[in-house]
Amino acid sequence: MIDLRNYISRNLRDRAKYFLSFLPDKAYMRLFYFSTTGKVLHLKHPTGYNEKLQWLKLHDRQARYRDLVDKLKVRDYIKEVWGEEHLFPLLGYWKSFDEIDFDSLPQQFVLKCNHDSGSTKIIRDKAALQGEAREQLKQFFDRRMSHDFYLSAREYPYKGIERYILAEQLMTDSAHPEKSIEDYKFFCFDGEPKLMFVATDRSTDCRFDFFDMDFNRLDIQNIHPNAERPIEKPACFEEMKQVAAKLSAGMKTVRIDLYELNGRLYFGEFTFFHGGGFQLFRPAEWERRLGDWIKLDESAESKKA
């Protein structure tokens with residue numbers, strides 16, 4: 001079977017997503033699963049990890065998931081179940097870029113949308129946001145705020161989220177303030193973390209490195225290449241696992257993203273559909289293994305897929 005990833009550029013796929021947004025969920029998901037993986041999507045009897053994520057998009061539509069992926073509303077949930085001290089301080093939020101009160105913001109901060117993924121912008125020098133630089137930032141956020149993120153991959157939790165631009169305090173490692181902070185992402189299944197990866201050099205040359213729950217490095221590739229340097233085990237790794245288990249309780253599968261800074265853990269986000277459900281794990285045995293960890297309740301509803 002031809003692997004269309006070699007023929008269809010990311011930009012072309014993104015444009016196609018826009019023009020084909022009228023398609024119903026199943027047809028859209030089947031089309032883009034094939035275009036990104038080169039494989040037919042089986043929804044009646046899914047087996048692999050990404051196939052099962054597509055099934056969950058259709059059949060595990062819990063209302064509470066919307067608040068968990070909303071980067072503004074999830075803060076209330078984390079305050080309640082874990083503690084406000086594990087959140088990056090919120091500096092403000094606005095319904096449009098033009099409403100942002102830049103005078104009230106510090107010299108350095110982070111801007112992001114609450115309703116999507118990938119809209120984070122790190123502002124290291126507010127004074128530099130003049131003229132063309134300010135206009136480019138405005139154009140970026142205007143585009144992101146006008147985009148219905150649900151339509152990109154049919155991730156149901158994002159459907160209908162009220163949109164805001166958030167400003168958060170820029171948090172840095174006191175020992176290495178110039179470095180991007182490392183992101184620890186735990187794949188959890190029915191409240192049990194079973195696999196994780198560390199995302200390094202996010203702002204320059206992003207790398208993903210996978211580990212088991214004893215922090216043994218695994219031969220897995222997904223989305224980004226592996227780092228060419230050793231990845232140190234975080235001192236609070238056991239605490240990370242406990243937090244990931246607590247936050248993922250009662251969910252068939254979810255990715256819990258955490259940060260460690262200056263000896264304290266911080267919440268990143270809930271991700272219900274890693275890579276949108278369109279990024280196969282290599283080698284293929286891991287696609288099957290992660291799929292086996294998702295226990296589906298294949299009701300009569302699923303048999304209609």
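Author: What follows is a set of questions about this model and the terms applied to it.

Reader: Before we start, what should I keep in mind about the numbers?

Author: This is a predicted model, so local features need pLDDT of at least 70 and side-chain atom pairs count only at pLDDT 80 or more, while totals for chains, interfaces and linings use all residues. Residues are numbered from 1 along each chain as its sequence is written, and side-chain values use heavy atoms, with hydrogens and water left out.

Reader: How do you know how confident the predictor is along the protein chain?

Author: We look at pLDDT, which is the predictor's confidence in each residue, from 0 to 100. On that scale the protein chain has a mean of 90, and 89% of its residues reach 70 or more. Residues 1-10 are another story: pLDDT stays under 50 there. For that stretch the model has 17 contacts beyond four places in sequence, a contact being heavy atoms within 4.5 Å.

Reader: What makes something a helix or a strand, and how many are there in the protein chain?

Author: Both are DSSP runs, numbered from the N terminus: helices are H or I with at least four residues, strands are E with at least two. Counted that way, the protein chain has 9 helices and 9 strands.

Reader: Why is Lys185 called buried and not exposed?

Author: Buried means under 20% relative accessible area, exposed means over 50%, and partly exposed is in between (1.4 Å probe, protein chains only). Lys185 has 5% relative accessibility, so it counts as buried. By that cut-off, buried residues make up 50% of the 305 residues in the protein chain.

Reader: What surrounds Lys185?

Author: Lys185 is found in strand β5, residues 183-189. Leaving out residues up to four places away in sequence, Lys185 touches several others, including Leu195, Phe197, Arg202, Arg255 and Asp257. Its side chain also makes a polar contact of 2.8 Å with that of Asp183. The term means a pair of N or O atoms within 3.5 Å; within protein, one must be able to donate a hydrogen and the other to accept it, and residues adjacent in sequence count only if both atoms are side-chain atoms.

Reader: What makes the pair Asp142 and Lys138 a salt bridge?

Author: The rule asks for a side-chain nitrogen of Lys or Arg within 4 Å of a carboxyl oxygen of Asp or Glu. Here the N to O distance is 2.9 Å, so the pair passes. As for the idea behind it, side chains of opposite charge can pair when their charged atoms come close. Asp142 and Lys138 are 4 residues apart in helix α6 (residues 132-146), so about one helical turn separates them. Asp142, at 33% relative accessibility, counts as partly exposed. By this rule the count comes to 19 salt bridges.

Reader: How do you know that Lys241 and Glu238 qualify as a salt bridge?

Author: Their N to O distance is 3.3 Å, which is within the 4 Å limit, so they qualify. Both lie in helix α8 (residues 237-247), 3 residues apart, about one turn of the helix. Lys241 is buried at 15%, whereas Glu238 is partly exposed at 44%. Elsewhere, salt bridges that share partners join Asp183, Lys185, Arg255 and Asp257 into one network.

Reader: Why are Val74, Arg75 and Ile78 said to lie on the same side of α5?

Author: In helix α5 (residues 74-81), these three are buried. They cover an arc of only 105 degrees around the axis, so they sit on the same side of α5; the arc is that of the directions from the helix axis to the C-beta atoms. Asp76 and Glu80 are exposed on the other side of α5.

Reader: What makes a group of residues a nonpolar core?

Author: It is a set of buried Ala, Val, Leu, Ile, Met, Phe, Trp, Tyr and Cys residues joined through side-chain atoms within 4.5 Å. The largest has 56 residues, of which Phe186 and Phe270 touch the most other members. Apart from it lies another core of 16 residues, among them Cys113, Ile123, Phe140 and Ala167.
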